[in-house]
Amino acid sequence: ARTLPLLRVLGVPGDRLALREDGGFDHQAKMRSVRVPTLLLHAEEDRIIPLEDARLNLAACGAAHQRLVAVPGAGHNDIMFVGGARYWDAIRELLAAAQPR
């Protein structure tokens, strides 16, 4: 049996989720509509979501300002801790770039 994504069960419309026919998410379809400065933080050792997925999402991203920061040695659940300053600095840089001048 196919498991329904939690957001669908909660009533979020499918078109908002970019669901594929197989029930999965079409992240690249959603990323094409993104126009705001975008930062993807991803763990290089993530065993839940492969780093390649982040690369595909970034390639599809419609934002002019976009960046992928891959954290070496980090897994899906410890990226903030393993990434340390690199992780938080990337967020600070994104926020600084997004500030009106």
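This is a predicted model: local features need pLDDT of at least 70, side-chain atom pairs count only at pLDDT 80 or more; totals for chains, interfaces and linings use all residues.
Okay, which residues lie nearest the centre of the largest pocket? They are His 42, Ile 49, Asp 53, Ala 54 and Asn 57, and the lining counts 18 residues.

Residues are numbered from 1 along each chain as its sequence is written, and side-chain values use heavy atoms, with hydrogens and water left out.

The chain has five helices and two strands, where helices (H or I, at least four residues) and strands (E, at least two) are DSSP runs numbered from the N terminus. Starting at that end, the order is α-α-α-β-α-β-α. Of the 101 residues, 30% are buried; buried means under 20% relative accessible area, exposed is over 50%, and partly exposed is in between, with a 1.4 Å probe and protein chains only.

Now the strands. β1 (residues 38-43) and β2 (residues 66-71) run parallel and are joined by six bridges; for strands to pair, DSSP has to find at least two bridges between them. Thr 38 sits opposite Gln 66, and Leu 39 has Arg 67 as its bridge partner. β1 is mostly covered, with five of its six residues buried.

On the method: we use a 1 Å grid over the protein atoms alone, and a pocket is an open set of points where a 1.4 Å probe fits, with protein on both sides within 12 Å along at least five of seven lines; lining residues have an atom within 4 Å of a point.

What gives the largest share of the lining? That's β1, with four residues. The elements giving two or more are α3 (27-31), β1 and α4. By class, the lining has eight nonpolar, six polar and four charged residues; Ala, Val, Leu, Ile, Met, Phe, Trp, Tyr, Cys and Pro count as nonpolar, Asp, Glu, Lys and Arg as charged, and the others, Gly among them, as polar.

Over in α3 we find Lys 30, partly exposed at 36% relative accessible area. Its C-alpha is 8.9 Å from that of Asn 57, 27 residues away along the chain.

Last stop, the aromatics. There's one aromatic pair in the structure: Tyr 87 and Trp 88, edge-to-face, at 4.8 Å centre to centre and 75° between the planes. Rings of Phe, Tyr and Trp (its six-membered ring) pair if their centres lie within 6.5 Å, with planes under 30 degrees apart called stacked, over 60 edge-to-face and the rest tilted. Tyr 87 is buried at 11%, whereas Trp 88 is partly exposed at 37%. Trp 88 belongs to helix α5 (residues 79-98), and its C-alpha is 10.0 Å from that of Leu 41, 47 residues away in sequence.
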